[in-house]
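Keep the sequence beside the model as you read.

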Amino acid sequence: MNKNVFCYFLKKYAISLKKPPYPGKLGEKIYKNISELAWKQWMSQQTKIINEKKLNMIDVNDRKTLELHMIDFLFHQKKNV
């Protein structure tokens with residue numbers, strides 16, 4: 001059975017994620033506040049960012065950069081991206 005969450009990104013109730021999609025406190029925040037549809041939109045945007053900025057997901061700094069973009073995209077919070 002699917003449950004709904006009030007999605008911060010979509011500003012409406014939508015189907016929730018099945019489990020936290022990211023580790024730690026940020027993953028829990030996403031799980032509680034972001035819908036499955038919004039997460040799919042982020043996944044598409046993530047691919048564009050990785051390709052456009054030529055990010056290397058093995059590099060810790062590049063992963064942090066992508067995380068900052070994710071926070072900005074999902075929660076509209078600029079944090080030195």
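Start where two helices meet. L26, K29, I30 and N33 in α1 are in contact with E67, M70, I71, L74 and F75 in α3. Sorted by type, the residues of this contact are 6 nonpolar, 1 polar and 2 charged. Bear in mind that the model is predicted.

Now look at the geometry. Two packed helices are described by the angle between their axes and the distance between the axes. Helix α1 covers residues 24-33, and helix α3 covers residues 60-75. They pack at an angle of about 20 degrees, and their axes lie 12 Å apart. An angle under 35 degrees counts as roughly parallel, so α1 is roughly parallel to α3. The crossing of these two helices is left-handed.

How do α2 and α3 pack, in angle and in distance between axes? The angle is about 140 degrees, and the axes are 10 Å apart. That angle makes α2 oblique to α3. Here the crossing is right-handed.

Which residues make this second contact? From α2 come A38, W39, Q41, W42, Q45, Q46, I49 and I50. From α3 come L66, H69, M70, F73 and L74. This contact divides into 9 nonpolar residues, 4 polar and no charged. M70 and L74 of α3 take part in the contact with α1, and M70 and L74 are also listed in the contact with α2.

Next, turn to the interior. In soluble globular proteins, nonpolar side chains tend to be buried together. In this model, the largest nonpolar core has 17 residues. Those with the most contacts inside it are I30, I34, W39, W42, M70 and L74. The elements giving two or more residues to this core are α1, α2 (36-52) and α3.

Take I34 as a close-up. Leaving out residues up to four places away in sequence, I34 touches V5, C7, Y8, F9, L17, W39, L74 and F75. W39 and L74, like I34, are among the core residues with the most contacts.

Finish at the loop between α2 and α3, where L55 is found. Is L55 buried or exposed? Its relative accessibility is 12%, so L55 counts as buried. Again leaving out residues up to four places away in sequence, L55 touches I49, I50, D62, T65 and L66. Among these, I49, I50 and L66 also belong to the contact of α2 with α3. L55 and E28 are 27 residues apart in sequence, and their C-alpha atoms are 25 Å apart in space.

Notes
Residues are numbered from 1 along each chain as its sequence is written. This is a predicted model: local features need pLDDT of at least 70, side-chain atom pairs count only at pLDDT 80 or more; totals for chains, interfaces and linings use all residues. Side-chain values use heavy atoms; hydrogens and water are left out. Axes are lines fitted to C-alpha atoms, for helices over the stretch in contact, and angles run from 0 to 180 degrees between N-to-C directions. Helices (H or I, at least four residues) and strands (E, at least two) are DSSP runs, numbered from the N terminus. Angles under 35 degrees count as roughly parallel, over 145 as roughly antiparallel, 65 to 115 as roughly perpendicular and the rest as oblique. A crossing is left-handed if the near helix is turned anticlockwise from the far one by less than a right angle, and right-handed if clockwise. Contact means heavy atoms within 4.5 Å. Ala, Val, Leu, Ile, Met, Phe, Trp, Tyr, Cys and Pro count as nonpolar, Asp, Glu, Lys and Arg as charged, and the others, Gly among them, as polar. A nonpolar core is a set of buried Ala, Val, Leu, Ile, Met, Phe, Trp, Tyr and Cys residues joined through side-chain atoms within 4.5 Å. Buried means under 20% relative accessible area, exposed over 50%, partly exposed in between (1.4 Å probe, protein chains only).
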